[in-house]
Amino acid sequence: MPYISNFLNTSIHPETIKLLIVISLGYDLNQLLNIRWLDVSDKLNDINLKKFLFDNLTFDKTPNPYIFQGKRIDKYTSIDRITSKTKMDQHLIDFPINPRKLRQSYILSIISNQTLSDEQLLDQLHISQKSLGYYKFCANYFNLIPYKK
């Protein structure tokens with residue numbers, strides 16, 4: 001989250017920045033298409049990100065628009081649509097920016113915080129115990145954190 005504002009005054013597409021914002025707020029891939037302005041506005045502490053998001057949404061039909069909205073429809077109907085938009089910016093960013101990879105990166109960044117218990121991690125990440133074990137293994141394998149049994 002603290003680095004997203006560095007992308008604001010660049011040629012990166014708004015959909016890419018929107019994706020970075022919602023993933024950094026902890027939203028799951030299953031939730032992406034249904035996230036609305038009021039879901040995120042209170043969670044954004046960075047005034048520049050909040051203004052960016054507000055300026056890149058259309059409020060003429062509703063006071064609570066979807067974050068990923070289409071031109072002729074209220075919201076995108078597929079994550080593939082988000083992926084196709086963000087793919088255009090891959091050459092500008094040094095890390096993978098597709099929704100799945102960003103979500104995995106978010107999970108690994110949270111898991112690398114060794115002060116959180118398994119219960120806190122499960123609650124914050126909304127993943128299963130099995131997935132938590134997998135991500136902890138990955139964090140250990142890639143030397144992100146020391147593995148604790």
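**Entry 1: the model**

I am working from a predicted model.

**Entry 2: largest pocket**

I looked up the largest pocket and found a volume of about 430 Å³. I then asked which residues sit closest to its centre. They are Thr58, Gln69, Gly70, Lys71 and Ile73, out of 21 residues in the lining. Two elements give two or more residues to this lining: α1 (14-24) and α4 (79-87). Helix α1 has the largest share, with 3 residues. I noted the classes too: 9 charged, 6 polar and 6 nonpolar residues line the largest pocket.

**Entry 3: second largest pocket**

The second largest pocket holds about 360 Å³. I counted 14 residues in its lining, and Met1, Leu20, Phe95, Leu102 and Ser105 are the closest to the centre. Here the elements that supply two or more residues are α1 and α5 (99-111). The largest share, 4 residues, comes from α5. What classes make up this lining? I found 11 nonpolar residues, 3 polar residues and no charged ones.

**Entry 4: salt bridges within a helix**

Next I turned to charged pairs. Side chains of opposite charge can pair when their charged atoms come close. I get 3 salt bridges for the model.

I started with glutamate 15 and lysine 18. Their side chains form a salt bridge at 3.3 Å, N to O. Both residues are in helix α1, 3 residues apart, so about one helical turn separates them. Buried or exposed? Glutamate 15 and lysine 18 are both buried.

I moved on to lysine 51 and aspartate 55. The closest N and O atoms of this salt bridge are 2.6 Å apart. Helix α3 (residues 47-55) holds both partners, and because they are 4 residues apart, they too are separated by about one helical turn. I checked accessibility for each. Lysine 51 counts as exposed, because its relative accessibility is 51% and the cut-off is over 50%. Aspartate 55, at 48%, counts as partly exposed.

**Entry 5: a salt bridge between helices**

My last pair was lysine 136 and aspartate 118. Their salt bridge has its closest N and O atoms 2.4 Å apart. Where do the partners lie? Lysine 136 is in helix α7 (residues 129-141) and aspartate 118 is in helix α6 (residues 118-125), so this pair ties together parts that are 18 residues apart in sequence. I looked up aspartate 118 as well: its relative accessible area is 27%, so I logged aspartate 118 as partly exposed.

Technical notes: Residues numbered from 1 in each chain as written. Predicted model: local features only at pLDDT ≥ 70, side-chain atom pairs only at ≥ 80, totals over all residues. Heavy atoms only, no water. 1 Å grid on protein atoms, 1.4 Å probe; cavity = no way out; pocket = protein on both sides within 12 Å on 5 of 7 lines; lining within 4 Å. Points joined across faces, edges and corners; volume = space filled by probe spheres on them. Nonpolar A, V, L, I, M, F, W, Y, C, P; charged D, E, K, R; others polar. Salt bridge = Lys/Arg side-chain N within 4 Å of Asp/Glu carboxyl O. Buried < 20%, exposed > 50% of the residue type's maximum accessible area, 1.4 Å probe, protein only.
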